[in-house]
Amino acid sequence: MADIHKKIGNLSVHPLALGGNVFGWTADEAESFAVLDAYAAAGGNFIDTADIYSVWAPGNEGGESETVIGNWFASRGNRADIVLATKVGGGQPEKRGLSANAIKSGVEESLRRLRTDYIDLYYTHFDDPSVPVEEFITALDALVKEGKVREIAASNITADRLAEALAFSDASGLAKYAAIQPYYNLVSRDTYEGDLADVAARHGLAAVPYFALASGFLTGKYRPGRSVDSARAEGAGKHLESERGRRVLAALDEVATAHDAEVATVALAWLNAQPTVASPLASARTVEQLPALLAVADVTLTEAELKRLTEASA
């Protein structure tokens, strides 16, 4: 059987990255464990979280998702089987940013909550223009040298700043970003395609797109006249109002029918076929939502299908 895994630096990852943003937010610990168990049982090995998940939820202060995942590792004894990604730099005002001190204290807090002594993929969550790239790359390099981080990555960064960071790593021989996590999906292509994707391609970075399903819109559950009970329904529903959104849904329906697949699977398969993309990121609040996401590993779209979707989303 062909190996379905993709490479991010020295890491080998499943073609679906499981988002941890719902853990400790819309999924409690028991529900989160059930989703994590089902994902791992299906061969999934790539879990993505952040130190601030889910600071936006009333009563939460951030770190809830990491704590749930850490408890899962401790109860299952499977840390070595998982490629774990988390992020630094988006925390509370006193912790926000990418100063060397913020990175140093941030990684220690994440390691404690995750109940592990290393992070496989460590992202700078949001760029901090007040900090020179030399400072945060040097701080991240120190974590790699200490064995606390295996690969480093960037999210929410401009093409120019990314290029500057990569050039500094090359010139100084320090740790270099291996991945980028851009906002990218069939109804939001200009958030990655163009300069940012070009820099990533030039330096061999792997992309792990977030909002891969446009907050649920690309699952196909949002249709005219149908209401959806979801914390993200308002954001997802707005795509129905655009001509492009409706065009994309029609194309997805057509291709999904041809493959006897879910609309979400096809949306992820389109992303997986794009240059630089290693593993789209999607979250599941319940075990029932997982099969459509995991099926991306089994669906290969034809050139004609990819063209149909790309044209519909233009």
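Glutamate 164 is partly exposed, with a relative accessible area of 40%, where buried means under 20% relative accessible area, exposed over 50% and partly exposed in between (1.4 Å probe, protein chains only). This is a predicted model, in which local features need pLDDT of at least 70 and side-chain atom pairs count only at pLDDT 80 or more, while totals for chains, interfaces and linings use all residues. Residues are numbered from 1 along each chain as its sequence is written, and side-chain values use heavy atoms, with hydrogens and water left out.

**Glutamate 164 in its setting**
- Glutamate 164 belongs to helix H5 (residues 159-172); helices (H or I, at least four residues) and strands (E, at least two) are DSSP runs, numbered from the N terminus.
- From C-alpha to C-alpha, glutamate 164 and leucine 281 are 26 Å apart in space, and in sequence they are 117 residues apart.

- Because six of the six residues of strand S5 (residues 83-88) are buried, the strand is largely enclosed by the rest of the structure.
- In a regular strand the side chains alternate between the two faces of the sheet.
- Strand S4 (residues 46-48) pairs with S5 in the parallel sense over three bridges, where two strands pair if DSSP finds at least two bridges between them, and phenylalanine 46 stands opposite valine 83.
- Strand S6 (residues 119-124) also runs parallel to S5 and is joined to it by four bridges, with threonine 124 as the bridge partner of valine 88.

**Arginine 189**
- Arginine 189 sits in the loop between strand S8 (177-181) and helix H6 (195-202), and it counts as buried at 14% relative accessibility.
- The side chains of arginine 189 and serine 313 are joined by a polar contact of 2.8 Å, meaning a pair of N or O atoms within 3.5 Å; within protein, one must be able to donate a hydrogen and the other to accept it, and residues adjacent in sequence count only if both atoms are side-chain atoms.

**Backbone exceptions**
- Most residues other than glycine have a negative phi, and most peptide bonds are trans.
- The peptide bond from tyrosine 53 to serine 54 is cis, with omega near 0°, and serine 54 is found in the loop between S4 and H2.
- Aspartate 260 has a positive phi, near 50°, and counts as exposed at 76% relative accessibility.
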